Amino acid sequence: MKEILYIEDDIEIGTIVKEDLEQRGYVVRWLTSGEKVEEMLGNAKVVILDVMLPGLDGFTIGQRLKHNHPDVSILMLSARTAVDDKLQGLRFADDYVTKPFHPEELAARVDVLFRRNQHALTKEIQLHHLTVNMTENRIVKNDGEEIFLTAKQHQIFMYLLRHPNQILTKEQLYEAVWGEAYLEGDKTLMVHIRYLREKIEVNPSDPKIVETIRGIGYRVKQ
C-alpha cells in the first residue's frame, strides 16, 4: 500500500490533489498544518509539503522530518519561483514543484519517489567490487573482506545509497548527517568522504563509487 502524508492549507488545492492521488491508488492523509506531522506520518514513505503554512513553515517542517526520518521522501510545493527558495528546499527535499502545477505532473513525480524508495529497500546492492547489505548494514568486498566504517562514514554512505544516481549537494549531505546547517567553507564533510573513499574505493584518488560532481556535491551511481 502506497501511503502519502500531504500537508496543504489551501482547501481547494488540497481537495483536488487528494482526490486525484486517491484515484491513482494512493492512500492519502491530508493535514492543513504541520502541527501533527510526526503523529500522522505512520507508514507514509512520501510527504507532499506546502511551503506556506500557518504556524511553522514548510521548510522548517521538512528539515525536521528529514532529520528524524531520513528514509522518507519529501516533495515540496510552493508558489515561490525564486531560485533561492528552490535551493533552500532542495537542501533537504527530494523534489520541488512550483504552483500552479498539473495533477499529472505531480503524480508522475510522486511515482518516481516511490520507485526510488523501493529501489532503496533492496536488500543487497552491488557496487563495483562491493556488496552492500542494506538490511544488515554490512559492506563486503568481492574477496570476502568486510569493511567497517565509522558512524559518520556509514551515515554518509547510506544516505547516498538511499538516493541512487541523484546528485546531492554538500548542504543536503551535511544537514542530513549532522542535523545542523552547513556553513560555507566547512571542510568536515569533505574530510569524512576522503576517509570513506580510502575504505571503499579501489583507488581513492580515482573514485568510482562516490563521485564528486564539481561545484555541486556527490553522487553514487547504480
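Visitor: Is threonine 188 buried, exposed or something in between?
Guide: Threonine 188 counts as partly exposed, at 28% relative accessibility. Buried means under 20% relative accessible area and exposed over 50%, with partly exposed in between (1.4 Å probe, protein chains only).

Visitor: What kind of model is this?
Guide: This is a predicted model: local features need pLDDT of at least 70, side-chain atom pairs count only at pLDDT 80 or more, and totals for chains, interfaces and linings use all residues. Residues are numbered from 1 along each chain as its sequence is written, and side-chain values use heavy atoms, with hydrogens and water left out.

Visitor: OK, back to threonine 188. Where is it found, and what is it in contact with?
Guide: Threonine 188 is found in helix 8. Helices (H or I, at least four residues) and strands (E, at least two) are DSSP runs, numbered from the N terminus. Leaving aside neighbours within four places in sequence, threonine 188 is in contact with Tyr174 and Trp178; contact means heavy atoms within 4.5 Å.

Visitor: And what separates threonine 188 from aspartate 20?
Guide: Their C-alpha atoms are separated by 44 Å, and the two residues are 168 residues apart along the chain.

Visitor: Aspartate 20 is in helix 1, then. Which residues of helix 1 are buried?
Guide: Gly14, Val17, Asp20 and Leu21. Seen down the helix axis, the buried residues fall within an arc of 145°, so they line one face of helix 1. That arc is taken from the directions from the helix axis to the C-beta atoms. Ile11, Glu12 and Gln23, on the other side of helix 1, are exposed.

Visitor: What caps the N-terminal end of helix 1?
Guide: Aspartate 10 does, with a side-chain oxygen 3.1 Å from the backbone nitrogen of glutamate 12. Following helix 1 comes glycine 25, with a positive phi near 100°.

Visitor: New topic: which residues have the most contacts inside the largest nonpolar core?
Guide: Val132, Ile156, Phe157, Ile200 and Val210, in a core of 29 residues. A nonpolar core is a set of buried Ala, Val, Leu, Ile, Met, Phe, Trp, Tyr and Cys residues joined through side-chain atoms within 4.5 Å. Helix 6 gives the most to this core, with six residues. Apart from it lies another core, of 19 residues, including Leu41 and Met76.

Visitor: How many bridges join strand 11 to strand 12?
Guide: Four, and the two strands run antiparallel. Two strands pair if DSSP finds at least two bridges between them. The bridge partner of glutamate 211 in strand 12 is arginine 219. Three residues sit between the strands of this hairpin, where glycine 215 takes a positive phi near 80°. Strand 10 also joins strand 12, through two bridges, and runs antiparallel to it.

Visitor: What order do the strands of the open sheet have?
Guide: The order is 6-7-8-9, four strands with antiparallel pairing. Strand 6 and strand 9 stand at the edges with a single partner strand each, so one side of each is left without a neighbour in the sheet. In strand 7, valine 132 stands opposite isoleucine 125.

Visitor: Last one: is glutamate 175 buried or exposed?
Guide: Glutamate 175 is buried, with a relative accessible area of 16%. This residue lies in helix 7, and its contacts more than four places away in sequence are Gln63, Arg91, Glu180, Ala181 and Tyr182.

Definitions and conventions. A polar contact is a pair of N or O atoms within 3.5 Å; within protein, one must be able to donate a hydrogen and the other to accept it, and residues adjacent in sequence count only if both atoms are side-chain atoms.
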